[in-house]
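Here are a few friendly notes to read beside the model. Please keep the picture open while you go through them.

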Amino acid sequence: MTTTTEASVDNGVNVEALLEAKAALTEAPEAAKFIWRANCKWVNGTHSNSVVKSFFGLGEEQNHRTEFTFDADHPEVFASEDNGAAPIEYVLVGLASCLTAGIASIAQHRGIQLRSVSATLEGGMDIQGILGIDSEVRNGFDGIKVTYDIDADASRADIEALVAQSQKRSAVFDIVANPTNITVEIK
Amino acid sequence: MSRCLTERSIDHVVLEQGEVANSWRKERWESLRLLTPNWQSKLPGYSYDGEDPDGYMDLPAIIDFIDGYAKFLSAPVQTDTTVTSVAYKNDRYQLSTNQGNWQSKTVVLASGAFKIPNVPLFNGTLPSSITTITPDQYRSPDQLEEGGVLVVGASATGLQFADEIHRSGRPVTLAIGEHVRMPRVYRGRDIQWWMDAAGVLDERYDEVDNIVRARNVPSPQLVGTPGRLTMDLNSVTDLGVKLIGRFAGISGNRAQFSGSLRNVCSLADLKMGRLLDTIDEWALDNAMDDRVEGSERYPATRVDDAPPLSIDLANGKIRTVIWATGFRPDYSWLDLPVLDRKGQIRHDGGVVDSPGMYVMGLTFLRRRKSSFIHGAGDDARDLSDHLVTYLEECATTSSH
């Protein structure tokens, strides 16, 4: 495996900064504790609007450069107004963008120049679950299929290793693949 | 180490908790064989001289081999001696044991990397109908109840358990995290021969790009059998063993498994491919290419489309859970500030962060082979040299 970053390779990822951060956080693991946040407001019907702005990390409060907003709704076949992507589609968006960011970073680290990376995601779901028709049917996805199309200066095996390593290091892949405790409270 | 210290005229004693080769006698299963071929069983001044250099020692043979070495060296071993504490006071290590106390300027920790079995925190939350055991307690399938067995961990140990337990008529489900796959024999030679020849086993701790990661690599899926068989996830699938993802947690009576099975199998298949590429390149560069069998690549690991993500542990189908999830060293008797926040000993290639203290036998201590029998010699030579220099420095300092 190549670990030195070739000067000619530029995927727009600042690997040196990431490696410095890794070294610093190895020495000070407390600073590695992050808290991510989202705030959500009901608009009308199944339409809601969520905002992300602040998060906690490196021992202090942090902010995104700007506030990002996300409308979520359901499509018209669910008798909704379709004012935004369905929540479950945001999960696919989260998984896709996490894996893709990982691919770019690991490629940079391994000295692989990317020319194009695109992913197609499909999550199968039997809505008998959420509709309460059949209690044996799970609410969520029965599986997710991610298909990457990658053009890069690397062998097929190196590209496969890149995609495998990205899954190994992905936060969203871990969240989707493994159980997570969730606490929902009312103020 | 004892041999190297004797060669360097350093007066020493070897304290052994039980008898020589104790952990092989008391903490291993019956069918165990070494993962390394006989020709590779080499210790300083001593090696296998039997008639089957390509075979793998079984448990009695391993015990004989180590016993034989102790007798060959006339090593100053004091058996049945349990060290209860090691502290540092008045420029000396103070050792307390059940057989009296010792003082010394130097101490070599060689109590083993594989002492305490790793068991997940949620072990205690399994339904009471389930019997749980660890590899040091396992002897053979006969000791297990009839019925299903969940083997957690698919490195050499877990895979061998899955194989022999399933063959005993107890249906096995195997939970799989990251693992290292390799063929037993490649291009007609033992994989250990290739790794030895190509210098993979001699790679040094200060040469690899990430030693923390290298030290955490699981042991390869290998088994020593008279037929030199390859054991991997495909071979146990052929027997009927069910493969599922890493054991992720317990919810009520249900064990939950990760959906990452496909990726951990891809990672292992790709890593094996890279190892075989390295071997092929080495064979080509060293004019071996025509003298061995042709290059080969193996089928990808077969994974079901939708392996189960949870299993009911209370319905009686699974009776036993075996945690083949690795071991860690036991440092509970060390009264010294030498452990990091993860409980691992701080050392630089075996030179512990405490004057005159050394550690041996840990995974990738100084070289990739450090935790193997044949890895002890080079490490012992290096560390005994360091130890001699340290004692000389002590002598110089105290004479001023």
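1. **Reading the model.** This is a predicted model, in which local features need pLDDT of at least 70, side-chain atom pairs count only at pLDDT 80 or more, and totals for chains, interfaces and linings use all residues. Residues are numbered from 1 along each chain as its sequence is written, while chains are lettered from A and ligands numbered from 1 in the order in which they are written.

2. **Confidence.** The pLDDT is the predictor's confidence in each residue, from 0 to 100. Chain A has a mean pLDDT of 93, with 96% of its residues at 70 or more. Take care with residues 1-6 of chain A, where the pLDDT is below 50. Beyond near neighbours in sequence, that stretch has eleven contacts in the model; two residues are in contact if their C-beta atoms, placed from the backbone, lie within 7 Å.

3. **Overall layout.** Chain A holds four helices and five strands, in the order α-β-β-β-α-β-β-α-α from the N terminus. Helices (H or I, at least four residues) and strands (E, at least two) are DSSP runs, numbered from the N terminus. The C-alpha trace of chain A spans about 55 × 40 × 30 Å along its principal axes.

4. **Burial.** What share of the 187 residues of chain A counts as buried? The figure is 16%. A residue is buried if 20 or more other C-beta atoms, placed from the backbone, lie within 10 Å of its own.

5. **Two hairpins.** Strands pair if DSSP finds at least two bridges between them. β1(A), residues 39-44, and β2(A), residues 47-57, pair in the antiparallel sense over five bridges. Two residues separate them in a hairpin, and G45(A) in the turn has a positive phi of about 60°. β2(A) also pairs in the antiparallel sense with β3(A), residues 60-72, over nine bridges. This hairpin too has two residues between its strands, with L58(A) in the turn at a positive phi of about 55°. Find S48(A) in β2(A): W42(A) stands opposite it, and its bridge partner in β3(A) is A72(A).

6. **Where the chains meet.** The contact takes twelve residues from chain A and 14 residues from chain B. On the chain A side, α3 (156-169) and α4 (171-177) each supply at least two residues, and α3(A) gives the most, with six.

Methods. A residue is buried if 20 or more other C-beta atoms lie within 10 Å of its own, exposed if 12 or fewer, and partly exposed in between; C-beta atoms are placed from the backbone.
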